[in-house]
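Look at the fold below before reading on. The text then walks through it piece by piece.

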Amino acid sequence: MKKELLEWAKARLLQKKEKYEKIANHAHADATSSELKSDGKYDTRATEAGYLAGAQIKRLMNLVEEIKEIEKIHPLDQQVIEIGALLTLSRNQKQKTYFVIPSPTLSGASHQNVFILTPDSPIGKEVMGLEEGDEVEVAGSEYLISSVW
């Protein structure tokens with residue numbers, strides 16, 4: 001299941017990368033366009049377009065780093081919750097399964113009823129380093145870590 005989830009996550013990130021590349025290229029083309037030549041000292045269109053292009057490129061670079069981090073994960077079973085772990089949290093006879101990966105872009109997304117959890121998310125911060133059978137409090141509610149693999 002982990003291998004399938006990793007493949008799904010990478011595919012989703014690659015789709016977003018393609019989209020961000022188009023946006024960044026368009027923003028760069030706009031920023032360097034002769035049509036944005038200043039019409040006076042108060043015309044800041046070119047400057048604003050440059051800021052937007054820079055932000056889009058930074059967004060794209062962050063996404064490329066997320067893809068590299070996903071590629072480093074090996075789908076092995078684990079005893080302790082860390083990056084690459086699958087875990088199930090239980091509360092009041094209800095269970096929810098999470099997959100821990102370092103992808104803020106996919107945080108909260110789900111695939112086949114498995115939700116993406118990042119180590120920096122509120123739940124992620126609480127469960128990292130814990131094991132099956134441990135209890136954890138998140139947002140004032142107690143949860144049992146009913147499985148880790």
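This is a predicted model: local features need pLDDT of at least 70, side-chain atom pairs count only at pLDDT 80 or more; totals for chains, interfaces and linings use all residues.

Residues are numbered from 1 along each chain as its sequence is written, and side-chain values use heavy atoms, with hydrogens and water left out.

Start with helix 1, residues 2-31. Helices here are DSSP runs of H or I with at least four residues, strands are E runs of at least two, and both are numbered from the N terminus. Helix 1 has 30 residues. From first C-alpha to last, helix 1 reaches 42 Å, close to the 44 Å expected at 1.5 Å a residue. That expected span is 1.5 Å times one less than the number of residues.

Which residues of helix 1 are buried? They are K2, L5, L6, W8, A9, L13, Y20, A24, A27 and A31. Buried means under 20% relative accessible area, exposed means over 50%, and partly exposed lies in between, using a 1.4 Å probe on protein chains only. The cover over these residues includes helix 2, strand 1 (86-91), strand 2 (94-100), strand 3 (110-111) and strand 4.

Helix 2 spans residues 45-72. It has 28 residues and reaches 41 Å between its end C-alpha atoms, close to the expected 40 Å. Its buried residues are A49, A53, Q56, L60, L63, E66, I67 and I70. They pack against helix 1. T47 is also in helix 2, but T47 counts as partly exposed because its relative accessibility is 42%.

Now the cores. In soluble globular proteins, nonpolar side chains tend to be buried together. A nonpolar core is a set of buried Ala, Val, Leu, Ile, Met, Phe, Trp, Tyr and Cys residues joined through side-chain atoms within 4.5 Å. The largest such core holds 19 residues. Its members L6, L13, I70, F99, I101, L106 and I116 touch the most other members. Helix 1, helix 2 and strand 4 (114-117) each give two or more residues to this core. Helix 1 gives the most, with 7.

Take L106 as a close-up. Not counting residues up to four places away in sequence, L106 touches A9, R12, L13, K16, I101 and I116. Contact means heavy atoms within 4.5 Å. A second, separate core has 12 residues, including A85, L87, Y98 and V100.

Next comes the largest pocket, with a volume of about 170 Å³. A pocket is an open set of points on a 1 Å grid over the protein atoms alone, where a 1.4 Å probe fits and protein lies on both sides within 12 Å along at least five of seven lines; lining residues have an atom within 4 Å of a point. Points are joined across faces, edges and corners, and the volume is the space filled by probe spheres set on them. The lining is formed by L89, S90, R91, N92, K94, Q95, K96, Y98, I123, V138, A139 and Y143. Strand 2 gives the most, with 4. By class, the lining has 6 nonpolar, 3 polar and 3 charged residues. Ala, Val, Leu, Ile, Met, Phe, Trp, Tyr, Cys and Pro count as nonpolar, Asp, Glu, Lys and Arg as charged, and the others, Gly among them, as polar.

N92, one of the lining residues, lies in the loop between strand 1 and strand 2. Most residues other than glycine have a negative phi. N92 has a positive phi of about 50 degrees although it is not a glycine. N92 counts as exposed because its relative accessibility is 59%. N113 also has a positive phi, of about 65 degrees. N113 sits in the loop between strand 3 and strand 4, and at 65% relative accessibility N113 is exposed.

Finish at S147, in strand 6 (residues 141-148). Is S147 buried or exposed? S147 is buried, because its relative accessible area is 18%. Leaving aside neighbours within four places in sequence, S147 contacts L86, L87, T88 and E132. The C-alpha atoms of S147 and T88 are separated by 5.2 Å, although the two residues are 59 apart along the chain.
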